[in-house]
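I opened my notebook for a slow walk through this one. Here is what I looked up, entry by entry.

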Amino acid sequence: MKILKSSLSVVLCCIILMGVAVLSPISAGAKARPKLNKTKISIKVGKTYTLKLKNAKAKKVKWISSKKSIATVSKKGKVTAKNIGTATVTAKYKSKKYKCKVAVKPKRILFSKSFTVYTNDTIKLTCTSAVKKWKTSNKNIATINNSGVVKGKKAGKVTITAICYNGYEARGTVKVLNPYSEMKKYINKNGKSDTDGCKYISYAYDDYYFDVTYDPQNKNFQFAGYYQGSNGSYLVSMKISESGTSKPSVISMYESSDSEEYYVALSTLTASSYTSKTNLNFTIDSGNVTNTDYVNQMSNALLHDSFAGWKTILSNHLSMKLSSIGFAKYK
C-alpha cells in the first residue's frame, strides 16, 4: 500500500511538471497591447509634454494633432502648447488609434503691484499684451469692464484677471477702500488741531485758503473755503456725515472790512449731479445785504474755487478724487 501511494505521488508530480513545461512557453509568447502613457493632460501655454505609446515600435507610430493652433505634436510624441483651448492628440499604430485629450491652460503672471480704488470710484488697468477678457473674483466688491476699468462697489479685496490673446493670464489684487473711513483715519493721524480740538488738512494759494476738518463729536466732515478780499472776507462751507451725504447743505457768509455789512446765505446741492459749472440758488438767511443776485454770484464763485481747492487737498493727501465721496460728475 505504501509503495502504491509513493508511486501515485511520483506520477502526480510528473504531470504537474509537464503542465508547467507546456504552459510556460505559451505565457512567455503573449504580447502586451499598445497603450498611451496618458489619455488626458493639462499643460500651460509654451510648455511641452512627451506622450509615449507603450508596447509599440516608436518609429512606426504616427502622431497627429486635431488642432495645431492649440497644440502641436512632433514625430516622437512631444506635445507643445500653443494657445488656450483643447485639442486631441492621436497616435496611429498598425491601423489602430490611441487618443489623448490635451487641455492648454494660460501661463500665469502676477501684476507688478497691487492697486487700490475707493468705492464709487474707478481706476483703469492696462496690460502689455492685448487682453481677450477681464474677470473679477467678486462683483459685489468690484466690477471690471472690457476696457479694464475697475469700479469699487464696497470695501474689500478682489483678484482681477486679464486673459490675454497670447496665452498669458495676468493676475493681481485690487483693494477697495471706503473713502470716508480713509479720510477719517488720515485726518486723525496726520491733521493739525484747531481751537475746537478737531483735526484738519488744508491747502492755500494767494488769498484763498481751503480745509477739510473731521469733527469727532458730530461725526462729520466740514469742507470750508475762505477768501480775504480788499472789501471783506468770504466763506463757504458744507458738511458731509462720516458715512456720506448725498445732499449736503451749503452755507455762504460775508463780512465787510469795516464790519458794517454782512450776510448769511443757505443752499443745498446734489452731490451726484454737481459739476464745476453748476450754480446753486442761495437764499439769504440773515444780514443787511439784500441784493440776491450779488449774494448768488459771490457765493457760487467762491464755491467753485473751493471745490478746486478741496479736490487738490484730497488728491495730495489721499490720492482721492471728489467722485470718491459722491461727486460723480465733478471734473
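**Entry 1**

I began with Ser259, which is partly exposed because its relative accessible area is 46%; buried means under 20%, exposed over 50% and partly exposed in between, with a 1.4 Å probe and protein chains only. Ser259 sits in the loop between S23 and strand S24 (262-268). Its phi is positive, about 65°, although Ser259 is not a glycine. I found Asn55 in the loop between strand S4 (53-54) and S5, and at 49% relative accessibility Asn55 counts as partly exposed.

**Entry 2: ground rules**

I noted that this is a predicted model, where local features need pLDDT of at least 70, side-chain atom pairs count only at pLDDT 80 or more, and totals for chains, interfaces and linings use all residues. Residues are numbered from 1 along each chain as its sequence is written, and side-chain values use heavy atoms, with hydrogens and water left out.

**Entry 3: the whole chain**

I counted 3 helices and 25 strands in the chain; these are DSSP runs numbered from the N terminus, helices (H or I) of at least four residues and strands (E) of at least two. The C-alpha trace spans about 145 × 55 × 30 Å along its principal axes. The radius of gyration is 39 Å, whereas a compact globule of 331 residues would have one near 20 Å; the radius is taken over C-alpha atoms, and the globule rule is 2.2 Å times the number of residues to the power 0.38. Of the 331 residues, 36% are buried.

**Entry 4: an open sheet**

Next I traced a sheet of 4 strands, open and with mixed pairing, in the order S2-S9-S8-S5. Strand S2 (40-44) and strand S5 (62-65) are its edges, each pairing on one side only. From one strand to the next the twist averages 25°, with axes as lines fitted to C-alpha atoms (for helices over the stretch in contact) and angles from 0 to 180 degrees between N-to-C directions. S2 and strand S9 (residues 96-105) pair in the parallel sense over 5 bridges; two strands pair if DSSP finds at least two bridges between them. I also saw Lys44 standing opposite Lys105 in S9.

**Entry 5: salt bridges**

How many salt bridges does the structure hold? I got 3, a salt bridge being a side-chain nitrogen of Lys or Arg within 4 Å of a carboxyl oxygen of Asp or Glu.

- Arg171 pairs with Glu169, with the closest N and O atoms 3.3 Å apart. Arg171 is partly exposed at 29% relative accessible area, while Glu169 is buried at 6%.
- Lys185 pairs with Glu182, with the closest N and O atoms 3.4 Å apart. About one helical turn separates Lys185 and Glu182, because they are 3 residues apart in helix H2 (residues 179-190). Glu182 is buried, at 19% relative accessible area.
- Lys184 and Glu242 meet through their side chains at 3.6 Å, N to O. This pair links distant parts of the chain, 58 residues apart: Lys184 is in helix H2 and Glu242 in the loop between strand S22 (232-241) and S23. Lys184 is partly exposed at 31% relative accessibility, and Glu242 is partly exposed at 25%.
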